[in-house]
Structures are given as C-alpha cells and as structure tokens.
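Welcome! Then let's walk through it together, one part at a time.

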Amino acid sequence: MAFNLILFYLFAAIAVGTTLLVVVQSNPVHSVLLLIGSFIGLAGLYVLLEAPFVAVIQIIVYAGAIMVLFLFVVMLLNAPREAIVRSSMLESGATRAVGALLALAFAAELAWALTRSRTLAMSHAGDTPAFSVPQIGQRIFQEYAFAFEATSILILVAMVGAITLAGRHLSKNDQGHNG
Amino acid sequence: MADLNHYLILSGLLFTIGTAGVLLRRNVITVLLSIEVMLNAVNLTFIAFGRFLGSSDGQIIVFFVITVAAAEAAVGLALVIALFRHVETLNPDAFRQLRG
C-alpha cells in the first residue's frame, strides 16, 4: 500500500511542478509542452484512482488533440515572448493588502475544512473492480443519453463558431490590420 | 494509500496555480492554458470523489467536462486569432476597443 502513496506523490509532484512552470514560463511554446507533462502526471493519478478510461481520454483528447490545437495556434501567430510588464493594479499597496488578506482567509478556510472533514476510506478497496469501459459506455448512452446528445450539438456549434470567427477575413485581406 | 484529502489538496493546489495564471499572465494563450489547468483540477476532484464514493458518475462527468473543454479551446483560440488580426498583440490589456 505504501507503493501507491509513493506513486501518488511522484505523479502529484510531476503535475504541480510542470503546472507551476507553465504559469511562470514566458515562452508560450514551452508552456504548452509543459502542460502536456502536467496532463501525463494527472493521467497517472487517474490510473491510481482506478479510472483508466479517463486516463486514456486525458492523454488522447487533452494531450493529443487540444494541446496540438494550442501549439498550432501559438506557432501560427508566431507568438512573441511575453514582455514583463508591471501591471499598475498590482503596484498599489491597498490592492496587495486586500489580496493578501483574502488569500490568508482562503487558506485558513481550506485548512479548517480539511482538518474537520471525516475522510472517506477507499470504499471497498480491492474487492470491486474498476469501472470498465463497457459499464461507463452503457451509462453514458442510457442514463446520460440526453447530455451526450446535447454535447454533440455543443461541439457542432463550437465548430461552426470557430470557423466563423477565425475564417471570415480570408476574402478581405485588403482591409489591412488597422481594424 | 493516499486518501481523499490528499487528492483534494492536490486539486486545490492546481486550481490555485491556474487562477494565479489567469490573473497574473499578460498573454491570452497562457491565460487559456491556465483555464485548462483549472478544468483539470476540477476533473481530479470529480474522479477522486467518484472513486471514494464508489460511483462511476465522476468518470462520466469528466468525459463531458473534457468535451466542453475541447469546445472552449476551439472557440477561445479562434477568438485569439481574430483578435490578433486586429491588434497584432496577445496582451489582453490591449483589447479595449469596446470600451465606451
């Protein structure tokens, strides 16, 4: 059982470390690539949580498709390194004081909630198998059939919207960039 | 065995990093990436609760969250491309032409 805990800390360290690097990187290409590392760490955690279906979806859809889309856009726009600009809002002392106070209150709340809560033991650990892909598929197509259909419409709308938003300038290149 | 609180703390940590990214970064693409981080933190919570309560609902809702995230990324990146054509920058502070 201790082996599981070691794996948890390993994957958690990968996820948190790469995510922190994503946020502090100034080069967007590095950010995208590091986020893929974060997703791989999360996929490992999903395997530990006996959710292999979601782990595979995470790798294929998130790391494989969504991040490639991001990378494609970053390279298409030839995104420059972000200049370090000190935002004037962060400079003012009052904003910082209020922010620090809110952060402290939030941390105290979290600590209070987590120490007070009765933690759930892994229910029936070991004797029930992980939910298999057929089981999940049956539930999605029976109980959640409406949500599934609604999601397909959402994807269709997103596809049409993306094409309308990004593609409409193709025929009027002569207008220049002064928008 | 890692218990539920481990996963919840980790998820809170990831969500906080994502929020900090949204608030502090001045690059629209990194802001979108930070939103993905926040979505993933929530997904971890769903999976952890689903596992510890012995239900497969967590995994099913994560499936839907991932589809919504894909749609969000597609529309968000299309908006970024359209905005970049107008102002030639990715700094969100530059997008202020709708101000009255």
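Predicted model: local features only at pLDDT ≥ 70, side-chain atom pairs only at ≥ 80, totals over all residues.

## Chain B and its overall form

What is chain B built from? Its secondary structure consists of three helices and zero strands, and reading along the sequence gives the pattern α-α-α. The C-alpha atoms of chain B fill a box of roughly 50 × 25 × 25 Å along the principal axes. Chain B has a radius of gyration of 17 Å, whereas a compact globule of 100 residues would have one near 13 Å. Of the 100 residues in chain B, 46% count as buried.

## Where the two chains meet

How many residues of chain B are in contact with chain A? There are 59 of them, and they touch 64 residues of chain A. On the chain B side, the elements that each give two or more residues are H1, H2 and helix H3 (57–87). H3(B) provides the largest share, with 24 residues.

## A helix of chain A and its neighbours

Now look at helix H1 of chain A, which covers residues 2–24 and so has 23 residues. From its first C-alpha to its last, H1(A) reaches 33 Å, close to the 33 Å expected at 1.5 Å a residue.

Which residues of H1(A) are buried? They are A:Phe8, A:Phe11, A:Ala12, A:Ala15, A:Thr18, A:Thr19, A:Val22 and A:Val23. These buried residues pack against helix H2 (28–48) of chain A, and also against helix H1 (4–24) and helix H2 (28–52) of chain B.

Follow chain A to the loop between H2 and helix H3 (52–77), and you will find A:Glu50. This residue is not a glycine, yet A:Glu50 has a positive phi of about 60 degrees.

Why does A:Glu50 count as partly exposed? The reason is that A:Glu50 has 18 C-beta neighbours inside 10 Å, while a residue needs 20 or more to be buried and 12 or fewer to be exposed.

## The domains of chain A

Finally, step back to view chain A as a whole. Chain A is divided into domain 1 (1–81) and domain 2 (131–168). Taken over C-alpha atoms, the centres of these two domains of chain A are separated by 23 Å.

Conventions: Residues numbered from 1 in each chain as written. Chains lettered and ligands numbered in written order. Helix = DSSP H or I, 4+ residues; strand = E, 2+ residues; numbered from the N terminus. Expected span 1.5 Å × (residues − 1). Contact = placed C-beta atoms within 7 Å. Domains from an automatic or database assignment. Rg over C-alpha atoms; globule rule 2.2 N^0.38 Å.
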